[in-house]
Amino acid sequence: MKLVVVGGDAAGMSAASQARKRRGPDDLEIVAFERGHFTSYSACGIPYWIGGAVADRDALIAREPAAFAKAGITVRMRHEVVAIDLDRREVIAHDLEDGGERREGFDELVYAAGAVPVTPDWARIDGGGVFGVQTLDDGAAIQAWLDRDPRPRRAVVIGGGYVGVEMAEAMIRRGLEVTLLEKSGQPMSTIDPDMGEKVREAICGLGIEVRTGTRVQGLETAHGRVSAVVTPEGSLPADIVVLGLGVRPHTTLAEESGIPVGVTGGLRTDLRMRVVGPEGRVDGLWAAGDCVQTVHRISGQPVHVPLGTHANKQGRVAGINLGGGYATFPGVIGTAVTKVCDLEVARTGLTEREAAAAGFAFVTASVESTSRAGYYPGASRMLIKLIAERRTGMLLGAQIVGRAEAAKRIDSLAIAVWNRMTVEEMTGLDLSYAPPFSPVWDPVLIAARKATDEVHASR
């Protein structure tokens, strides 16, 4: 049997590796196609490499093609799959280095093409200096641009989500003047406005100019490179522009091949990561990673949440099943974390806006506390917000904004959301305590107590 994998990063190579563990080379031939220069790397680490916190690009690479070759997995680098023929059971790949075309037959196919940055028409200019941040090749291109002569002095980052905020900080650490543009009323719109305001303060504290409610109209060029970003309020000089407008599932090839996509634009799969169309499963076709849609466990709605954690898990599930085992992917709850300088930001479950859109009646509770006992050196303040269903008290979502040792508390809250715990049940959680690590009442427990009071008052 022959397995072909489209995409050589987290999801695709996790699927290939898991399938190989369960079936030997004589039983299963595996060929993966990757259009870039790297396999199995941490795209999430790119802003930290650009900003200098990570010194070496190769530190972001988990496993190189030679390592896969030793395991009996053939990786064809710099090959872009341009067509999938489901009837003839073959893919057609273009060699990006030497030209030419390669056809590869398959019995089973894993589609793990990832996601691509959202790039509006106005961003497609005849010139250099405009970058998305999705692949390690993108990161390498940004590094090369920053190191060119004359060196860029002014950066404009468009979009205030995770990537935009992280890249704005990376640019300021490289010594550039930075302006962050966001069309909504706050950066980090994946958290509620009251929490996002604290993020804005931290971004401004780095010396980054933040302009919210700003719509970009176009880009100007001069001498073959970007020179300014055009907004209704005027033009902003720019030597480099970073697009942080989010990503969309990279499913163009799938759609052209007759593979159906879901309402989010991602491929629909069943629990075992087999592609599902309007008439049922598509024989021999699997998908995983940023190109698929999944289900939110709390809202029950289809969502597209592109994260390396999900990609690795989904690829693992697909590979186990391809190898003859049994595994399922149970969905997501939207847990995410980032930092702005020393301000940590985390979320899980639903925000107020998402809870309302899902139809929940809810209450909220916000508390300020400290990461350690107040008298212990190094204690820092944090704000925790909980969202609970009004009638049942079930925890729907949580957000944290704070300094050192704040954000990873989101993991205990994620476990509570995942298991549909009520905030009243959470008040009895046996969380650890010692003055260097927590107050005697951990901030999570204090927030659960306050949320419980809100639930009782609303009945």
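This is a predicted model: local features need pLDDT of at least 70, side-chain atom pairs count only at pLDDT 80 or more; totals for chains, interfaces and linings use all residues.
Local features need pLDDT of at least 70 and side-chain atom pairs count only at pLDDT 80 or more, while totals for chains, interfaces and linings use all residues. Residues are numbered from 1 along each chain as its sequence is written, and side-chain values use heavy atoms, with hydrogens and water left out.

To start with the inside, the largest nonpolar core has 50 residues. Such a core is a set of buried Ala, Val, Leu, Ile, Met, Phe, Trp, Tyr and Cys residues joined through side-chain atoms within 4.5 Å; buried means under 20% relative accessible area with a 1.4 Å probe, protein chains only. Helix α1 (residues 10-22) gives the most to this core, namely 6 residues. I84, L109 and Y111 have the most contacts inside the core. Beyond its neighbours within four places in sequence, I84 touches E90, V91, F106, L109, Y111, L253, S257 and I259 (contact being heavy atoms within 4.5 Å). Another core, of 40 residues, lies apart and includes V133, M167, V210 and L383.

UniProt, in an unreviewed entry, lists residues 337-440 as "domain: Pyridine nucleotide-disulphide oxidoreductase dimerisation"; such annotations may be inferred rather than shown by experiment. Over residues 337-440 the chain is 19% helix and 36% strand.

Then comes helix α12 (residues 443-458), with 16 residues; helices here are DSSP runs (H or I) of at least four residues, and strands (E) of at least two. At its N-terminal end sits a cap: a side-chain oxygen of D442 lies 2.9 Å from the backbone nitrogen of V444. Buried residues of α12 include P443, V444, L445 and A447, and their cover includes β24 (362-370) and α10 (410-418).

Note on methods:
The expected span of a helix is 1.5 Å times one less than its number of residues. A polar contact is a pair of N or O atoms within 3.5 Å; within protein, one must be able to donate a hydrogen and the other to accept it, and residues adjacent in sequence count only if both atoms are side-chain atoms.
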